[in-house]
Amino acid sequence: MPSSRIPGFYKMSVHERIEKISEFAELTEEEKKMLLEKGLPLEIADRMIENVIGTFELPFGIATNFLIDGKDYLIPMAIEEASVVAAASNAAKMAREGGGFTTDYSGNLMIGQIQVVGLKDPYSAKFEVLRNREEIIKLANEQDPILVNLGGGCKDIEARIIESIKGKMLVVHLIVDVKDAMGANAVNTMAEAVAPLIEDITGGRVYLRIISNLAVYRLARARAVFKKDAIGGEDVVEGIMNAYAFAEADPFRCATHNKGIMNGISAVVIATGNDFRAVEAGAHSYAALRGYKPLTTYEVNKDGDLVGTIELPIAVGTIGGATKVNPLAQLSLKILGINTAEELARVMAAVGLAQNFAALRALATEGIQRGHMELHARNIAIMAGASKDEVDQVVEEMLKAGKIRMDVAKEIIERLRS
Ligand code: MEV
């Protein structure tokens with residue numbers, strides 16, 4: 001199996017990088033071309049949404065170094081923000097020294113909600129729904145025989161009474177195994193189909209019939225040991241533990257902590273053509289279940305190394321929707337070497353943990369601005385005309401001088417050349 005450790009990847013030209021990825025993922029000439037030209041053809045875009053006038057692009061990068069459950073991955077990320085790809089790659093490199101990431105997944109189960117109102121006796125209605133569980137499940141499954149044949153479909157029913165500003169309501173949950181789809185279509189179809197039956201059973205009136213993005217039965221988890229010597233020593237471990245404690249105690253900090261996690265996850269969600277709003281909604285609502293809390297945890301093991309974990313709902317698919325119709329999303333899955341929703345969610349959890357670790361390490365040490373300034377300086381150096389061999393030197397000198405300006409870059413280049 002090829003390694004995802006590609007030293008100096010960031011220094012290569014776009015063409016050289018494409019060649020490297022091509023070796024790793026065995027891309028065809030056609031696929032390589034797609035990366036250089038417009039990935040999403042206008043005819044396809046025009047069929048995806050309404051009133052299309054063009055396509056809208058984002059930078060598409062690759063995070064290196066990921067070792068997840070013993071397998072090497074190159075991670076495609078679509079994102080506008082500088083430093084995210086570099087930070088993920090760097091964190092993954094450090095995690096490798098502790099054996100990489102280990103992951104877990106709770107299954108492809110989504111929840112479809114059916115809201116029942118106007119009940120005189122809501123607890124009796126709840127009882128009747130549960131008593132008629134089999135009939136409701138059967139009707140739900142008649143909507144999607146293909147899914148059922150694949151071993152998926154509606155597996156269970158839950159019924160909850162909630163207190164609302166309009167009084168008590170019954171909320172019925174369909175628990176659906178959606179296999180490798182994100183699942184919204186399958187679940188929403190089932191929820192709409194069983195609504196009349198639920199009205200018959202309860203004597204109430206059904207209003208909403210829709211998936212819940214708080215996908216508590218579709219949790220992805222990852223864990224990594226960051227060896228203290230690989231991450232900068234005891235002081236860095238202590239700094240990250242303090243950063244974690246801060247997020248744990250303060251929702252203002254926690255929002256940014258979790259945002260950093262989603263920098264990584266959403267970039268992969270977008271690159272694979274999945275619904276990033278659904279994953280974001282799931283992540284933050286899960287974080288808020290017991291008061292708004294970090295999606296990651298950190299602890300120090302007996303050797304003094306830092307151990308990070310992450311747990312969040314990740315509802316993504318490898319079939320259906322944009323994952324299938326957007327050729328770039330297909331290419332991302334090929335680069336990842338992934339066919340199943342489960343493996344994709346596991347990888348995303350590892351990326352989220354890596355991204356969070358990288359942010360906390362930077363924040364607890366030199367701050368994040370240095371990384372940003374380095375990229376800025378690199379851009380300025382290139383714009384000032386620095387050649388491939390001169391760029392590193394120009395960047396270093398500008399950073400040292402604390403002056404990242406076009407005139408300064410030109411001066412350095414002139415001096416180097418004379
Ligand atoms: C910036 O996009 C993300 C960070 O703010 C995350 C964090 O503060 O943990 C650096």
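**Notes on E390 and its chain**

1. E390 touches G385, I413, L416 and R417, leaving aside residues up to four places away in sequence; contact here means heavy atoms within 4.5 Å. This is a predicted model, in which local features need pLDDT of at least 70, side-chain atom pairs count only at pLDDT 80 or more, and totals for chains, interfaces and linings use all residues. Residues are numbered from 1 along each chain as its sequence is written, and side-chain values use heavy atoms, with hydrogens and water left out.

2. Where does E390 lie? E390 is in the loop between helix 16 (369-383) and helix 17 (391-401). Helices (H or I, at least four residues) and strands (E, at least two) are DSSP runs, numbered from the N terminus.

3. E390 counts as buried because its relative accessibility is 13%, buried being under 20% relative accessible area with a 1.4 Å probe and protein chains only. Of the 418 residues of the chain, 48% count as buried.

4. Zooming out, the chain has 18 helices and ten strands, and its C-alpha trace spans about 90 × 50 × 40 Å along the principal axes. Among contacts between residues at least 6 apart in sequence, 72% join residues at least 24 apart.

Terms used. Buried < 20%, exposed > 50% of the residue type's maximum accessible area, 1.4 Å probe, protein only.
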